[in-house]
Amino acid sequence: MSTSRGSSPGPSAMDPQRRRTVIRVTYLITALDVTWMFLQFAVTPYLAKKLGFDTLQFGYLQTTVGVIQLFGGPLFGRFGDLFGARAALTLACSATIAFFLLLANATHPAMLFIHKLPTLFMHVIPVTQMVVADLSEPEKKADALAKQGMCFGIGMIVGSTLGGQLNTLYGEEFVAYCGAAGSAATLLLVLFFIPKTTKVESATSENEKKSIFSLGEITRLRKFPRVTKIFTIKIVSGLPSVIFQVMFSIIALDFFKLLPEQNGYLLAYFGITQMVVQGGVIGPLTARFSEHSLLLLSIGVACLVGVAQIIFMENVAQFCVIVVPMMFSLSLFGVITDSMLTKSVPSSDTGTMLGLCASVQSLLRTVGPTIGGYLYVNHGISSIGFSQFFINAVILVYLVLRRANKDDKDSK
């Protein structure tokens with residue numbers, strides 16, 4: 001049964017028991033991939049410092065990743081739609097193995113840039129999101145994506161704690177090799193458990209006639225209802241948060257003066273907070289409130305986080321308090337916008353749409369380090385909080401006024 005354009009896509013024709021098994025394994029793959037990625041967060045900033053990088057140069061390194069993944073995200077999402085989840089995840093996990101092997105041998109500043117090249121194909125999260133979206137009922141999509149976010153939190157906890165301890169005990173090279181071995185284990189899970197495709201048969205057949213490099217096939221998604229508006233909000237509202245995220249390694253090292261092991265514990269605290277929010281809070285909220293209301297809530301909380309960053313963030317203890325609403329806002333905003341966007345397109349295009357969602361993060365990570373480095377060096381850490389408050393306040397006012405105008409028109 002084909003899916004009509006613009007309707008909410010239904011789940012794959014796979015039998016229910018098989019769908020549940022694949023979704024559970026997909027959650028495990030997500031948790032493992034995030035674990036290995038947070039291992040490298042215990043390596044890169046400290047290795048960069050050893051190789052003589054300053055704050056701006058480290059920002060350029062982060063920008064390099066953003067540029068590479070900006071182009072890779074949409075194409076990789078399209079690749080997943082055309083060739084299926086197993087092929088896409090196999091390529092992504094293989095690229096992750098290469099990424100860690102290059103990191104283990106990064107003994108020169110240029111090698112830190114070279115080891116980022118495999119990130120062109122490192123899109124495990126968008127593909128696993130595609131699998132979960134394809135196999136979930138439309139009304140349960142947001143909750144399913146939130147549970148996947150909980151797996152992200154688990155990976156953050158394990159990876160951060162393990163990475164900090166291994167780096168302290170054995171050094172950066174050993175941690176990088178552990179990441180390569182772990183990524184190889186993830187690849188085996190993909191090969192044994194993930195089906196070739198999670199699409200309905202008719203949608204897959206239709207897509208096979210199209211090219212992965214078709215810019216028109218990628219950009220046409222903006223014509224579906226709500227897509228352009230939600231994407232614009234995702235980009236503008238997400239910029240301040242991404243600025244803080246990409247600068248956090250430097251903030252932890254330079255402002256909070258954290259050692260690798262302490263930094264790992266702080267990142268683990270992030271993960272615990274996100275796991276609780278994604279697993280125990282977002283699901284019930286999506287069941288009781290509309291997506292539009294939750295979008296407003298996430299942006300409103302982001303405004304308050306910006307104010308807290310301006311006034312209160314002077315030490316690690318104060319920052320740990322701010323992390324709770326910060327992770328709530330980030331998690332809710334990401335889940336709701338991804339859910340709204342995947343519901344706006346047919347099942348045959350969920351991979352491309354989630355690839356575009358990933359490219360939003362990559363776009364922000366392209367400009368974020370440079371902006372963040374400038375703000376932090378010239379105006380201090382409070383300037384990042386001010387940008388968080390101001391940008392999200394403008395968006396919140398716009399959405400409230402837009403909804404008020406729509407209600408007035410409907411009442412006439």
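How many helices and how many strands does the secondary structure of the protein come to? The count is 16 helices and zero strands, where helices (H or I, at least four residues) and strands (E, at least two) are DSSP runs numbered from the N terminus.

The model is predicted: local features need pLDDT of at least 70, side-chain atom pairs count only at pLDDT 80 or more, and totals for chains, interfaces and linings use all residues. Residues are numbered from 1 along each chain as its sequence is written, and side-chain values use heavy atoms, leaving out hydrogens and water.

An unreviewed UniProt entry carries the annotation "transmembrane region" for several spans, including residues 83–104 and 230–253; such annotations may be inferred rather than shown by experiment. The table describes these two spans.

| Span | Helix | Strand | Distance between end C-alpha atoms |
|---|---|---|---|
| Residues 83–104 | 95% helix | 0% strand | 31 Å |
| Residues 230–253 | 100% helix | 0% strand | 35 Å |

Of the 412 residues of the protein, 57% are buried (under 20% relative accessible area, 1.4 Å probe, protein chains only).

In the contact (heavy atoms within 4.5 Å), α7 residues including Lys-141 and Leu-145 meet α14 residues including Val-335 and Asp-338.

How values were computed: Buried < 20%, exposed > 50% of the residue type's maximum accessible area, 1.4 Å probe, protein only.
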